[in-house]
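Time to open the notebook again.

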Amino acid sequence: MKKINTAIVGVTGAVGQEFLKLIEERNFPFGELRMLASSRSAGKKINFMGKEYTVEETTENSFDGIDIALFAGGSASKIFAPAAVKAGAIVIDNSSAFRMDPEVPLVVPEVNPEAISKHKGIIANPNCSTIIMVMALKPLYEISKIRRIVVSTYQAVSGAGREGMDELKNQLDELATGKDVQAKILPVASLDKHYQIASNLLPQIDIFMDNLYTKEEMKMIDETKKIMDDREMKITATTVRVPVFRSHAESVNVEFENEISVEEARAALEKFPGVIVRDNPGEMIYPQPLETSGKDDVEVGRIRKDFSIEHGLNFWVCGDQIRKGAALNALQIAEYIAKH
């Protein structure tokens, strides 16, 4: 396979570091590897696969000779993605900047790989919670069209980046030692008011919109419709930050057009790549964030009928937000491009 000259923008952050782990684990065929970040991180040294790399400041001139640019997310995408495309690179972007642009494919490789070939230089990586949910929805949608989805998420602090994870750790230490708990990041770092996450739940991820949904909730709604290519699907979401370091969980209720038995659903999910069914109530076996952290696969369990509606199913799904919810999904897109 041809060597792919690769740039990672935001390499020093949580998703950027996960890119490096996955590139090594999956033997991604990189040629030149350019490590990019903000001016604050420029000059840092990173040892990777026996070689020392120097982190460079991201500029509009950072992408000459690059085939694929992996953007870890944040404001850098809007600023530098167009420059990367102009230099001839294909951008795979983990931010929300381009997800709903009709000219930009929004891709989960197991779900809609055919969208990749429609790119015009930029391919968007979906929101982490959206990825985890659609991995479980797709094999069921292939049996019957979906009328309505009600999803409640239980999202780890890793979704707020390294700062969110550090804040939970610090607060747990403060609680254990009797110190006053300091809250500076959650629910939204850029807002003036912050709440403790340790021993707490926060029913707010991102800012509130005019319709009283949060931006995160609207991402799940809009992105799911785009990925599944079904604008008529009705979706409502409530997204909640929980005091878990890593791996998101979601309670999903689905109403189908046609009847799907629990057995049919389980069989379809078991065959779907990237999904593991962990579902044995008699033995208290079901997906948990602790067990899915650091894993590539999305796990589904608690599959059961919804007796309150016709053609309804409930299930519980867990997946690592930093891996399948971010870095792994983007790298799988890169692998698809390299292969095809």
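Here are my entries, beginning with the ground rules.

**Ground rules.** I'm working with a predicted model, where local features need pLDDT of at least 70, side-chain atom pairs count only at pLDDT 80 or more, and totals for chains, interfaces and linings use all residues. Residues are numbered from 1 along each chain as its sequence is written, and side-chain values use heavy atoms, with hydrogens and water left out.

**The sheet.** I looked up the strand order: six strands make an open, parallel sheet, β5-β2-β1-β6-β7-β8. Strands here are DSSP runs (E, at least two residues), as are helices (H or I, at least four), numbered from the N terminus. Two strands pair if DSSP finds at least two bridges between them.

**Pairs.** I found four parallel bridges between β1 (4–9) and β6 (68–71), with Thr-6 opposite Ile-68. β6 and β7 also pair in parallel over four bridges, and there Phe-71 has Asp-93 as its bridge partner.

**Both faces.** Is β7 covered on one face or on both? Both: Ile-90 and Ile-92 on one side, Val-91 and Asp-93 on the other, are all buried (under 20% relative accessible area; exposed is over 50%, partly exposed in between; 1.4 Å probe, protein chains only).

**Surface.** Phe-245 sits in the loop between β10 (234–241) and β11 (248–256). I noted Phe-245 as partly exposed, because its relative accessibility is 33%.
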